[in-house]
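Look at the structure below with its sequence beside it.

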Amino acid sequence: MNFLKKLFNKDQAKPRELTKVSQLICHDIVVFSDSFALPANLREQQFQISHINTHEFEAKSLIEWQLTGSNNDPIYLSLEQGQQAYLKLSMKITDECVEQLFDLDEFSEIFAEPGNALINRNADTANHDGWSCEQYQQHVYAKVGYFHRRDNRQDNVQEDQGEAFELYSLRGNDEQFSIDIQVWEDGETDVFLNLYRPISDIKDLYPGS
């Protein structure tokens, strides 16, 4: 009997180890810490990886994990490399929210050359508490990128031309925040509030079923 057990155990796959954010795949689970530096909609919350996308630029490609939690509002996660790696957490906001957060005349300057707009936040909102700061300075103007609805760690994005967009980005006066704006070929515009946090703000990672 012991001999048979050893044979069967050899055929069983070893449990997948998940110790780094860069190892995440679809259906994996991410649990955030109880840090009060995190917005309430992230603090101590659990999310599942529902999609993985790739943003391709001339010099590099960036993996984006889409996180889905209990309220079904997606949060986007990517890794930023500076002197050390850190989390970039993003939340897409509606046109109505843009109007609440910013003066639209100031906001429109983001799309005007030479691309050095300085915008101020009118006021924080309950839905976006902890996601923005008081002032932003533009540093990216109309940078061309391609969006791929696939994970280029697994697939060759060169076979997929992707969806073209122009990127406009602003840094917050607090280095913890930024804004990304993606303008698509059909004129559709997506606005994201970004938050930068240490990797230690992820409490646990669990392999998906």
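Along the sequence, the elements of the protein chain come in the order α-β-β-β-β-β-α-α-β-β-β-β-β-β. That makes three helices and 11 strands. The model is a predicted one. Computed along the principal axes, the box filled by the C-alpha atoms is roughly 80 × 40 × 35 Å.

The chain has 209 residues, and 42% of them count as buried. Among contacts between residues at least 6 apart in sequence, 51% join residues at least 24 apart.

**Empty space**

Rolling a probe the size of a water molecule over the atoms shows where empty space is left. What volume does the largest pocket have? The space in the largest pocket is about 730 Å³. Its lining consists of 30 residues, and those closest to the pocket centre are Glu-80, Lys-88, Ser-178, Asp-180 and Tyr-196. Two or more lining residues come from each of β3 (61-68), β4 (75-81), β5 (85-93), β7 (135-148), β8 (163-172), β9 (177-184) and β10 (189-198). Strand β8 gives the largest share, five residues. Sorted by class, the pocket lining holds 12 nonpolar, 10 polar and eight charged residues.

There is also one cavity of 30 Å³ or more in the structure. The largest cavity contains about 30 Å³ of space. Asn-41, Phe-47, Asn-71, Asp-73 and Ile-75 line this cavity. By class, the cavity lining divides into two nonpolar, two polar and one charged residue.

**Aromatic rings**

A pair of aromatic rings is described by the distance of the centres and the angle of the planes. How many aromatic pairs does the structure hold? The number is 11. Two of these pairs are set out here.

| Pair | Distance of centres | Angle of planes | Type |
|---|---|---|---|
| Phe-57 and Phe-165 | 5.9 Å | 85° | edge-to-face |
| Tyr-141 and Tyr-168 | 5.4 Å | 85° | edge-to-face |

Why is the pair of Phe-57 and Phe-165 called edge-to-face? Planes over 60 degrees apart count as edge-to-face, and the planes of these two rings stand at 85°, so the pair falls in that class. Phe-57 sits in the loop between β2 (46-56) and β3, while Phe-165 belongs to strand β8, so the pair ties together parts 108 residues apart in sequence. Are Phe-57 and Phe-165 buried or exposed? The limit for buried is under 20% relative accessible area. Phe-57 has 11% relative accessibility, so Phe-57 counts as buried. Phe-165, with a relative accessible area of 3%, is buried as well.

The pair of Tyr-141 and Tyr-168 joins strand β7, which holds Tyr-141, to strand β8, which holds Tyr-168; the parts tied together are therefore 27 residues apart in sequence. Tyr-141 has 30% relative accessibility and counts as partly exposed, whereas Tyr-168 has 5% and counts as buried.

Which residues do ring pairs link into a cluster? The cluster consists of Phe-102, Phe-107, Phe-111, Tyr-136, Tyr-141 and Tyr-168.

Technical notes: Residues numbered from 1 in each chain as written. Predicted model: local features only at pLDDT ≥ 70, side-chain atom pairs only at ≥ 80, totals over all residues. Heavy atoms only, no water. 1 Å grid on protein atoms, 1.4 Å probe; cavity = no way out; pocket = protein on both sides within 12 Å on 5 of 7 lines; lining within 4 Å. Points joined across faces, edges and corners; volume = space filled by probe spheres on them. Nonpolar A, V, L, I, M, F, W, Y, C, P; charged D, E, K, R; others polar. Helix = DSSP H or I, 4+ residues; strand = E, 2+ residues; numbered from the N terminus. Buried < 20%, exposed > 50% of the residue type's maximum accessible area, 1.4 Å probe, protein only. Contact = heavy atoms within 4.5 Å. Phe/Tyr/Trp six-rings, centres within 6.5 Å; stacked < 30°, edge-to-face > 60°.
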